[in-house]
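Here is a quick briefing to read with the model open on your screen.

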Amino acid sequence: MGLRAISQENVTRLAPLRSLRFGWISRLRWSLRGDMLALCGGDGIAVYVGEIGDAPAYHVRGHGAPVKDIAFSPDGNLLASCSADMTIGLSGLTAGEPGAMARLRGHRNSVEALAFSPDGALLASGGADHSIRLWTVENGAQQAVLQCHTDELTSLCFADGGRYLLSAGRDGTVRCWDRSAGFQSRALGRHEDWIRQIALQPGSALLASAGRDMMIRLWRLADGAELRRWPAHAGGVDALAFSPDGGLLASGGRDHAIRLWDVESANELMALSGHRRPVLTLGFNPTGTMLASGAGDNRVMLWSLK
């Protein structure tokens, strides 16, 4: 497309590039190469490959209930999915086409969040049963069950090359699990209400968290220090995404808006309007040339520079 990367200097030139319809949506994810965009929700999973047109390249079938989260493996050869049917799916992607879905079972309630380790060997899942489960990707074996949260898990991510697993949930806490110490955990921080999503700043040890308390908070992983907090969306913050260079943080919330923030100063640089319901999921593509947003209005919007 010849698009330019979005930065603090040009962010005010963002405009809608395309709008897609996709029923009720819970999450969108880009592959690490940026050649695939996957959407999931009440209508299952749709995957766009290459240039994003009006229709997806294919659908991934296999779950019997709404899909809550998806994740591409680092090499792009697997798509993991989790569902209200209490299972995790692993679908091989060969030449851009999905293979048969393998099922992982262990959670005792809806599975809400997924994250691959950076080496692709481990998959973490978090559920409404308050547990985190760790799976060996090669054979689907359950490696461990981690329990410390007192309510539903909502978001997971790995940090520091996979040494740490970060988790957040409806209990309002962010926890850090040390893989090198047998996944011992410590409390990293807390919101005044449930946490919808966490996001790791690329190339750093900073974590952002989005809360129903309408706040965005920024944490330092090394010691759990809260570096900044600021009110972001009336009614609550539902989605976060860092730009690939780490300088921008996009947020979406109950006010139907997308807001772009300078990470260093927490100053708002731009507000994007276009969705008519809460913005539930956001993601920059790996080159930083597009921002994708999904909302309760059953639309996914792609934003790029004018």
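Strands here are DSSP runs (E, at least two residues; helices are H or I, at least four), numbered from the N terminus, and two strands pair if DSSP finds at least two bridges between them. This is a predicted model, in which local features need pLDDT of at least 70 and side-chain atom pairs count only at pLDDT 80 or more, while totals for chains, interfaces and linings use all residues. Residues are numbered from 1 along each chain as its sequence is written, and side-chain values use heavy atoms, with hydrogens and water left out.

- Strand β12 (residues 131-136) runs antiparallel to β13, and 5 bridges join the two.
- Across that pairing, isoleucine 132 stands opposite leucine 146 in β13.

**The β18 to β21 sheet**

- Another open sheet of 4 strands has the order β18-β19-β20-β21, again with antiparallel pairing.
- Its edge strands are β18 and β21, each of which pairs on one side only.
- The twist averages 15 degrees from one strand to the next.
- Strand β20 (residues 215-220) and β21 run antiparallel and are joined by 5 bridges.
- Tryptophan 219 has glutamate 226 in β21 as its bridge partner.

- On one side, β27 is joined by 5 bridges to strand β26 (residues 279-284), and the two run antiparallel.
- Leucine 282 has serine 293 in β27 as its bridge partner.
- The hairpin of β26 and β27 has 6 residues between the strands, and glycine 288 there takes a positive phi near 75 degrees.
- β27 also runs antiparallel to strand β28 (residues 299-305), with 4 bridges joining them.
- Serine 293 turns up again here, with methionine 301 in β28 as its bridge partner.
- The β27 and β28 hairpin has 3 residues between its strands, and asparagine 298 in the turn has a positive phi of about 65 degrees.

**Rings**

- How many aromatic pairs does a search of the whole structure find? The search finds 1.
- The rings of tryptophan 230 and tryptophan 261 have their centres 5.8 Å apart and their planes at 55 degrees, so the pair is tilted; rings of Phe, Tyr and Trp (its six-membered ring) pair if their centres lie within 6.5 Å, with planes under 30 degrees apart counted as stacked, over 60 as edge-to-face and the rest as tilted.
- Tryptophan 230 lies in strand β21 (residues 226-231) and tryptophan 261 in strand β24 (residues 258-262), so the pair ties together parts that are 31 residues apart in sequence.
- Tryptophan 230 counts as buried at 7% relative accessibility, and tryptophan 261 counts as buried at 5%.

- Most residues other than glycine have a negative phi, and most peptide bonds are trans.
- Histidine 130 has a positive phi near 75 degrees, sits in the loop between β11 (122-127) and β12, and is partly exposed with a relative accessible area of 30%.
- Phenylalanine 183 has a positive phi of about 60 degrees and is found in the loop between β16 (173-178) and β17 (184-190).
- Is phenylalanine 183 buried or exposed? Phenylalanine 183 is buried, with a relative accessible area of 10%.

Methods:
Buried means under 20% relative accessible area, exposed over 50%, partly exposed in between (1.4 Å probe, protein chains only). Axes are lines fitted to C-alpha atoms, for helices over the stretch in contact, and angles run from 0 to 180 degrees between N-to-C directions.
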